[in-house]
Amino acid sequence: MNTFRQENMKNIMRIFESQTGVTLPRNSVLHHSARTAVLTAAVLALFLCATAYAYREFTSLDGDELSLKAVYDGGGVISVAVENNSDKTLHFQNGLKLMRWGSGEELVPMSGDIELSGTEFLPHSKGMMTIDLSNAYDIAALEQPIEDWYYLVLTNNNFIFGQDWMCSINFAEPLAMKTEPNSVSGISDAELSQVEETLRPYFEQVDLTPNTRRTLNAEYAKQVDELLAEFDGTVIASVSPALQLREPNEDAVFDPTFTAEPQRVLTGLHSQPMDWNFKLLATEAEYAQVLSVMMPLKGYRDTFRDMPLYYIFTYEKSVIAENKYAFIYGQLLSFAELESYKVWEDDTYVCYEIHELIYTDLKAHTQEWLKYNTDVLFDNTVWQRVQNVYNYYQGNMNFHNMDISG
């Protein structure tokens, strides 16, 4: 192998000086060992400069946090709900890795034409990013049911440690979860009886296959538009402001056997338009903040899947009145009726938690969810975790407005 030429040395020294402000000696009679020492110092300093710069970027090593929730829309297109919980701007690069959970195998694309759009997220913001895999992978093969599932690895800096991010994705209903269309849904007869009669068929069935659920949601959204157009009253849409759930108390214990991380990692809060079985929570344009408990996977106890417990809708306080209505989970509810669901308010917003419109029995809700998530580990310890999270937030659902309090 050829040794470094004098020109290489000059270039490295010039870059080093520009990055550090330190002037290196230009003695032409430097011995080989001295030149090597200078070169080593320069390269090390440049590496440290690059590392320091990386830490100014969005990275988990600097305490930056985000949440990702991916949903397959069909045709190779994935929608990813992103929440940037950091003080830094997050910008995903136009590339990803598609992996299998069970084997850790990476699926090599047929081409490099993976398209990401909506990749920038400002500090303390949330939004949707779209990923199009249709030109890069065999989509028909991906949509074949398997007894495993996939996950994406996204990055904002070339997949280096602390700047790569994972989220699970299913392209088809896993074989272990396969159900027949028109099976009974998780909503009970009591809750279903409160739904507008024309909308009840939508809630009476569960079909998790992407194409079917997309069709059902489109038909439902059209019915909702017709219902609201004919309704003789004023319906107020919910909003999605920068509200953040306050950290649990230091003495809060959700699972005493979980000691590797703070207890708060056993919960999650995400903006979602649908419940766990892909039923729209309100109109197509509205999102609820969904508070979940993290459930461990069989064989991967440090990997979790979130089971929704609470659904919070937020409204602008200035437009709320007793003679106005909200549309939530197939029901038209006056704000007088919603008063008993109120959990938090400030001068600008009011939050209502409405899980009782979806389910009232926690154990039945958990068992129904487990039917479709058979890879989740569930025992008495996990059941106690579910109950502890549920009970804690019954009386501690406090938010703070990021727009005001930071």
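In this predicted model, the side chains of D375 and R305 form a salt bridge, with 2.7 Å from N to O. D375 sits in the loop between α8 (362-371) and α9, and R305 belongs to strand β14, so the contact ties together parts that lie 70 residues apart in sequence. D375 and R305 are both buried.

**Other salt bridges**

Side chains of opposite charge can pair when their charged atoms come close. Over the whole structure, a search finds ten salt bridges.

| Pair | N to O distance |
|---|---|
| D375 and R305 | 2.7 Å |
| R385 and D255 | 2.9 Å |
| D306 and K69 | 3.1 Å |

The side chains of D306 and K69 meet in one of these salt bridges. D306 is part of strand β14 (residues 300-316) and K69 of strand β1 (residues 66-74), so this pair connects parts 237 residues apart in sequence. D306 has a relative accessibility of 16%, and because buried means under 20%, D306 counts as buried. K69, with a relative accessible area of 26%, is partly exposed.

A salt bridge also joins the side chains of R385 and D255. R385 lies in helix α9 (residues 380-394), while D255 is in the loop between β11 (243-245) and β12 (267-272); the pair therefore ties together parts that are 130 residues apart in sequence. R385 is buried, as is D255.

Salt bridges also occur as a network, which links K317, E339, K342 and E345.

**The four-stranded sheet**

Strands of a sheet pair through backbone hydrogen bonds, either parallel or antiparallel. Strand β1, which holds K69, belongs to an open sheet of four strands. The strand order is β1-β2-β7-β5, and the pairing is antiparallel. β1 and β5 (115-117) are the edge strands, each pairing on one side only. From one strand to the next, the twist averages 20°.

Within this sheet, strand β2 covers residues 77-84 and strand β7 covers residues 125-132. The two run antiparallel and are joined by eight bridges. Which residue of β7 stands opposite N84? The residue facing N84 is S125.

**Where the two topics meet**

Technical notes:
Residues are numbered from 1 along each chain as its sequence is written. This is a predicted model: local features need pLDDT of at least 70, side-chain atom pairs count only at pLDDT 80 or more; totals for chains, interfaces and linings use all residues. Side-chain values use heavy atoms; hydrogens and water are left out. A salt bridge is a side-chain nitrogen of Lys or Arg within 4 Å of a carboxyl oxygen of Asp or Glu. Buried means under 20% relative accessible area, exposed over 50%, partly exposed in between (1.4 Å probe, protein chains only). Two strands pair if DSSP finds at least two bridges between them. Axes are lines fitted to C-alpha atoms, for helices over the stretch in contact, and angles run from 0 to 180 degrees between N-to-C directions.
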